[in-house]
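Below are some notes for a colleague who is coming to this model without any background. Please read them with the structure open alongside.

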Amino acid sequence: MSLHELVAATHSPFHADGSIAPEVIPTQAALLAAQGIRTVFITGSTGESHSLSCAEKIRLYDAWAEAGPANGISVIAHVGGNCIEDCKTLACHAGSLGFSAISALAPSYYKPGSISSLIEWCAAIAREAPQTPFYYYDIPVLTGVTLPMEQFLVDAPARIPTLAGIKFTNPDLVSYRRSLEVAGDRFDLPFGIDEAMLGGLAAGARGAVGSTFNWAPQLYRDLIAAFQKGDFTEARRLQSLSIEMIDAIAATGFLGTAKALMARLGVPVGPARLPLGNPTTAQVDALLIKLRELGFEQWGAKPSTLANA
């Protein structure tokens, strides 16, 4: 498989008391489908993976297994974590649901100290879903695991027959370029840093997985179109707009504020879980004013709730 598209990394919906709210997922899927999103990456970093129990993730998988296809959306389930037995259980369940792929990051407490150890970890998970493509999720800023991904692509195929590629959420564009050289047309390496997409495209990215695609995929489609036309002035302008949008959201805590924005867009995904914080109503109001100044009404999602806020 290949992810030569914009894949939305979705939020995990919660009630106000912090319990999961899988009944929100059909609304979430409908908003994404209306914006042209055709693939989602669930229970990853944006989905607060490490703040969810195994049982909660399974309930979210089950909800997406219905809501995704009903809205023409393919589902990739992140199954990684620190407990290998939980990861294997999640991989097995995701495989049984017929998801288009699974993905796992490296454990972040007892870390793999070598490429061989990392591959052994990934292989144990991938074996539980032998018919499902597997993506390694490289995100060293959160896992603290920094290993050469180009070597992973050389060594892993012999032990992970289902290896499809790497979700590359790593700002090291030299490593990305090296990995793309090894990958060729055999493996898929979607880029995972929205605010650096232009750099990823210059390095050779053909697709991306991102959290801001939940509400602004058109901004990035325009950026990609400008890049492909060779209009680098416009591509840089749009990337700067992306950065300014992300900075505005991150000013009051990125994940909690992003979930509050989704609520204003008509998708009540609830608050972020502790230890993450959440913005006040006044802070969200101020954010909406800032987004309008940035042109959100031209390139962002357009629910009536936002227009009336």
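1. Leaving aside its neighbours within four places in sequence, which residues is Gln35 in contact with? Gln35 is in contact with Asn214, Trp215, Ala216, Pro217, Arg221 and Ala301, where contact means heavy atoms within 4.5 Å. Gln35 itself sits in the loop between helix 1 (25-34) and strand 2 (39-42), helices (H or I, at least four residues) and strands (E, at least two) being DSSP runs numbered from the N terminus. With a relative accessibility of 13%, Gln35 counts as buried; buried means under 20% relative accessible area, exposed over 50% and partly exposed in between, for a 1.4 Å probe and protein chains only.

2. A word on the basis of these notes. The model is predicted, so that local features need pLDDT of at least 70 and side-chain atom pairs count only at pLDDT 80 or more, while totals for chains, interfaces and linings use all residues. Residues are numbered from 1 along each chain as its sequence is written, and side-chain values use heavy atoms, with hydrogens and water left out.

3. Under "active site", an unreviewed UniProt entry lists Tyr137 and Lys167; such positions are given in the numbering used here, feature names are shortened, and annotations may be inferred rather than shown by experiment. The two span 31 residues in sequence, yet no two of their C-alpha atoms are more than 4.7 Å apart, so they gather at one spot. Both Tyr137 and Lys167 belong to the lining of the largest pocket. A pocket here is an open set of points on a 1 Å grid over the protein atoms alone, where a 1.4 Å probe fits, with protein on both sides within 12 Å along at least five of seven lines, and lining residues have an atom within 4 Å of a point.

4. Tyr137 lies in strand 5 (residues 134-138) and is buried, with a relative accessible area of 4%. Not counting residues up to four places away in sequence, Tyr137 touches several residues, among them Phe41, His78, Ser103, Lys167 and Thr169.

5. Leu219, in helix 9 (residues 217-229), is buried at 1% relative accessible area. Leu219 and Trp299 are 80 residues apart in sequence, but their C-alpha atoms are 5.5 Å apart in space. Beyond four places in sequence, Leu219 touches Leu238, Leu241, Ser242, Met245 and Trp299.

6. Helix 10 (residues 232-250) and helix 12 (residues 281-293) have axes that come within 10 Å and cross at roughly 175°; axes are lines fitted to C-alpha atoms, for helices over the stretch in contact, and angles run from 0 to 180 degrees between N-to-C directions. The two helices are therefore roughly antiparallel to each other (angles under 35 degrees count as roughly parallel, over 145 as roughly antiparallel, 65 to 115 as roughly perpendicular and the rest as oblique). Glu244, Met245, Ala248 and Ile249 in helix 10 meet Leu287, Lys290 and Leu291 in helix 12.

7. Helix 11 (residues 254-264) packs against helix 12 at an angle of about 75°, with the axes 10 Å apart, which makes helix 11 roughly perpendicular to helix 12. The contact involves Thr257, Ala260, Leu261 and Arg264 of helix 11, together with residues of helix 12 including Val284, Leu287 and Leu291.
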